[in-house]
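Take a look at the model before reading on.

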Amino acid sequence: MGVMPVRELPVLTADCSRCFGLCCVLLPFRREGGAFGADKESGTPCEHLDAHDRCRIHDSLRETGWSGCQAFDCFGAGQHVSQVTYGGESWRVAEDLGEMAAVLSVMRQLHEMLAHVGEVLRRSPTPAAAERHDELVALTHAEPETILLADLDRIRDHVSEVLREGSARLHGPTRPMPADLAGRDLRHADLVRADLRGALLIRTDLRGADLSRADLLGADLRDADVRGSLLEQSWFLSQAQLNTARGDASTSIPAHLTVPNHWGG
C-alpha cells in the first residue's frame, strides 16, 4: 500500500506580495452599484494595476470609489493559484487566461470552505470534519483540469453538513430568524445562537449586539453597523464579511481575523 503524499496546508489569508494581482486581472466588475470606479471585463488588467502587480490606489480604495475591492477577500486563493497551481507563472505569460480565471473562482470557494471546516476542527473536531478537510486540501493541490471538473455542489453539501453538525454539537441548535433583516434595528434583539445563515443584514443596526454562537455563514453584512458588537464567538464569520461592515475599536472579532482599515482605531 503506497504512502499518501503530505500536502502543505494552503494559507487561507490573502498575501498580495505572493500573488500576480489575479483578482485585478481575471475578475470582472461593473461601475453600477457604486462599488467599483469603472467597468472591467475578465482578463483585462485594472487601470490601477502597476507593472509590479500592485494596486496604485490600495490605500484609498473607499475614498476613490473602489470599496468593492476593499471588501473582496480571496481567502488566500490568489497566491495559491499563482505559486502552486501555476508554479509561479504570471498571467502575463499564461496562454489561457480564461482557464486561470475559472481556476481562481473555484479555488476561492475551496479556500473559503477550508476556512470554515478548519473552524470546526479547532472548536469541535470529528473524523468527518477531518475527512472533508483533507479532501479539500488535496483538491487545492490538483492540476487545473481536475480543479475545474470538481463537483462543487456535492462538495458544498458535504461541507455544509459538517458545519451544521459542528455548530449544533458545540453550542446546541440555533434559533431560527427571518431571512430578510436588512435595515432593521436589532440593537436589543436576542441574537445569541441565532441562525443567520444567508441572512440579509444590509445596513442593519447591530450596535452593541451580542452575536455569540450565532451562525453567520453567508450572511450579507454590507454596511451593517457592528460598532461595539460581540462577534468574537460567532460561527463562520469571514474576513470578507467584516470588510463590508462598519465597526470600530470596540467591536470584538475572532482572533484569526483582522480589523478592517476603514474601521479606524
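## Basis

This is a predicted model: local features need pLDDT of at least 70, side-chain atom pairs count only at pLDDT 80 or more, and totals for chains, interfaces and linings use all residues. Residues are numbered from 1 along each chain as its sequence is written, and side-chain values use heavy atoms, without hydrogens and water.

Helices (H or I, at least four residues) and strands (E, at least two) are DSSP runs, numbered from the N terminus.

## H4 with H7

Helix H4 spans residues 97–123 and helix H7 residues 152–171. They pack at an angle of about 25°, with axes 10 Å apart. Axes are lines fitted to C-alpha atoms, for helices over the stretch in contact; angles run from 0 to 180 degrees between N-to-C directions. H4 and H7 are therefore roughly parallel (under 35 degrees; over 145 is roughly antiparallel, 65 to 115 roughly perpendicular, the rest oblique).

H4 passes H7 in a left-handed crossing (the near helix is turned anticlockwise from the far one by less than a right angle; clockwise is right-handed). Contact means heavy atoms within 4.5 Å. On H4, the contact residues include Val106, Leu110, Met113 and Arg123. Those on H7 include Ile155, Val159, Val162 and Arg169. By class, this contact has 11 nonpolar, four polar and three charged residues. Ala, Val, Leu, Ile, Met, Phe, Trp, Tyr, Cys and Pro count as nonpolar, Asp, Glu, Lys and Arg as charged, and the others, Gly among them, as polar.

Helix H5 (residues 127–140) packs on H4 at about 155°, with axes 9 Å apart. The two are therefore roughly antiparallel. Their crossing is left-handed. Leu110, Met113 and Val117 are among the H4 residues in this contact, and Leu136 and Val137 among those of H5. The contact has 12 nonpolar, four polar and no charged residues.

H5 also packs with H7, at about 145° and with axes 10 Å apart. This crossing is left-handed. Ala128, Ala129, Arg132, Leu136 and Leu139 of H5 meet Ile155, His158, Val159 and Val162 of H7. The residues divide into seven nonpolar, one polar and one charged.

## Second largest pocket

The second largest pocket has a volume of about 740 Å³. A pocket is an open set of points on a 1 Å grid over the protein atoms alone, where a 1.4 Å probe fits, with protein on both sides within 12 Å along at least five of seven lines; lining residues have an atom within 4 Å of a point. Grid points are joined across faces, edges and corners, and a volume is the space filled by probe spheres set on the points.

Of the 29 lining residues, Ala71, Asp220, Arg222, Ala240 and Thr244 are the closest to the centre. Helices H2 (67–71), H4 and H8 (239–244) each give two or more residues to the lining. H8 gives the largest share, four residues.
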